[in-house]
Amino acid sequence: MDAQLERLQRLIEVGRKLSMVPELSSMLQLIIGVALRLTDSAAASILELDLDGKNLHFKASLPVQEALNSLVIPVDESIAGLASKQKQAVAVTHVAASPVHYKIADELSGFHTHSILACPILFRGELLGIIEVVNKLGGADYNGEDVTILETLSAHAALALQTARLQTLLETTRQEAERLDKMKTDFVAITSHELRTPLGLILGHSTFLREMASTEYQAQLDTIIRNAMRLKEIIDSMTVVDNFQSGMALVRRRTVSIRALISAAFTAIQKEAETKQLTLTFENDESELMIEGDAGKIGIAIHNLIKNAVVFTNASGSVSVLAEEVPGYVKITIKDTGIGIPARDLPHIFEQFYQVESHLTRRHGGMGLGLSVAKMNIDLHGGRLWVDSVEGTGSTFTVMLPLDSAQPQGGNKAFID
Ligand code: ADP
């Protein structure tokens, strides 16, 4: 076969083989192996530029020379550095006469360099390193064809180095995300534990004082108690999250009337709905809709969903709740004509601490825990909760609760007491 055609075939083949090699060092060895053969050289190597752009480090060399692994080649004092600064191939025929040759490499490896062809490894214009071949066999000079071969292989090396960089970055980012997530989990656990006791004391003592105090202090004490209760709600939400995450959540199964839980949520939210002149309706066919489940947990989930519907619906809008039995389930639909949820936020709204509006600018209070708590409590019952929403038009949250629920999830426990 014609030598040129054979070289071309080898170059094409290297791309195919590279896709099958799993890790960087084998990829680079493969590339310089081909460089060595196709340019008829005695040695070949790939050097990577360090992050501050001052030095090059050997990433692969053939024949393998361990001595080079720890060697640092200064960009300002080497032929490889010259190619990297000029961002184009540099061929030097009489290395001994070159003022920029970095002789220490030869001294360390015991290799005597006569000629070098160095080519930059560029990814989208950014210099990643250098591929070089050394000592063309038979004392010949490197020619234009050698440059083309090395430039082609340099493109493969660029992809290999860049992929490895991205993998490292991905792994660092994953570890960082894991660390932050653990910080959040620890924060929820510590906060919910540490605030519970002092808050219990504040509530206990202020309730006692309210009983004893003369009427002139009743209003102030009511304010203290109301706000302490608000704090308690937040801590309770954090406790639900903590128990769920640590697998310690308990589902106390009893026979529960879903109708009664919805009515209780309506009573709690009635005043706020009236103030906003909202139409609040509950459609059901008078059936109690009994299921086996934890009344406290399902009650919180229903309450949070109805409360949100009222909070996020502007004056004179409407909130309607429909509860019905469908085969195997009780289905609860909470529909509002409120502000709706932007499509980009929909995948995230059940995440802990997620709020659509920035916490600093939003008009409503809240910690971004209401929906995640609702979802955890429904999940604990083997149920499902999802939302359909159109920004500016309204939202519909749907809950499906199995009639005989409380399938324990992971480490969380379900029992009848
Ligand atoms: P928060 O208690 O802070 O409101 P939630 O977890 O209950 O947190 O809700 C998360 C976010 O989802 C809210 O900040 C709000 O932007 C959005 N959201 C929840 N329910 C509705 C709804 N019915 N209509 C519009 N947006 C809603």
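Analyst: Happy to. Let us start with Asn377, which is found in helix 9 (residues 370-380). Before going further, a word on the ground rules: this is a predicted model, where local features need pLDDT of at least 70 and side-chain atom pairs count only at pLDDT 80 or more, while totals for chains, interfaces and linings use all residues. Residues are numbered from 1 along each chain as its sequence is written, and side-chain values use heavy atoms, with hydrogens and water left out. Helices (H or I, at least four residues) and strands (E, at least two) are DSSP runs, numbered from the N terminus.

Is Asn377 buried or exposed? Asn377 is buried, with a relative accessible area of 0%; buried means under 20% relative accessible area, exposed over 50%, and partly exposed in between, using a 1.4 Å probe and protein chains only. Setting aside neighbours within four places in sequence, Asn377 is in contact with Val240, Lys297, Ile300 and Ala301, where contact means heavy atoms within 4.5 Å.

Val240 leads us to helix 6. Ser237, Val240, Val241 and Phe244 in helix 6 meet Val373, Met376, Asn377, Asp379 and Leu380 in helix 9. The axes of helix 6 (residues 218-245) and helix 9 come within 10 Å and cross at roughly 45°; such axes are lines fitted to C-alpha atoms, for helices over the stretch in contact, and the angles run from 0 to 180 degrees between N-to-C directions. The two helices are therefore oblique to each other, given that angles under 35 degrees count as roughly parallel, over 145 as roughly antiparallel, 65 to 115 as roughly perpendicular and the rest as oblique. Helix 6 passes helix 9 in a left-handed crossing, that is, one where the near helix is turned anticlockwise from the far one by less than a right angle (clockwise would be right-handed).

Helix 8 (residues 295-311) holds Ala295. Ala295 is partly exposed, with a relative accessible area of 37%. Beyond its neighbours within four places in sequence, Ala295 is in contact with Val256 and Leu261.

Now for the aromatic rings. Rings of Phe, Tyr and Trp (its six-membered ring) pair if their centres lie within 6.5 Å; planes under 30 degrees apart count as stacked, over 60 as edge-to-face and the rest as tilted. By this rule the count comes to 2 aromatic pairs. One of them joins Phe266 and Phe282 in a tilted arrangement, 5.8 Å centre to centre with 45° between the planes. This pair links distant parts of the chain, with Phe266 in helix 7 (residues 258-275) and Phe282 in strand 8 (residues 279-283), 16 residues apart. Phe266 is buried at a relative accessible area of 9%, whereas Phe282 is partly exposed at 25%. Phe350 and Phe397 form an edge-to-face pair, 6.3 Å centre to centre and 85° between the planes. Here too distant parts of the chain are linked: Phe350 sits in the loop between strand 11 (329-336) and helix 9, and Phe397 in strand 13 (residues 394-402), 47 residues apart. Phe350 counts as buried at 19% relative accessibility, and Phe397 is buried with a relative accessible area of 5%.

Most residues other than glycine have a negative phi, and most peptide bonds are trans. Leu289, in the loop between strand 8 and strand 9 (290-293), has a positive phi near 55° and is buried, with a relative accessible area of 4%. Asn135 in strand 6 also has a positive phi, of about 55°, and counts as buried at 8% relative accessibility. A cis peptide bond joins Leu62 and Pro63, with omega about -10°; Pro63 is found in the loop between strand 2 and strand 3 (72-74).

Finally, helix 2. The 15 residues of helix 2 (residues 24-38) should span 21 Å at 1.5 Å a residue, and the end C-alpha atoms are 21 Å apart, which agrees; the expected span is 1.5 Å times one less than the number of residues. Its buried residues include Leu24, Met27, Ile31 and Leu38. The buried residues of helix 2 pack against several elements, among them helix 1 (3-18), strand 6 (126-136) and helix 5 (144-212). Asp40, whose phi is positive, near 50°, follows helix 2.
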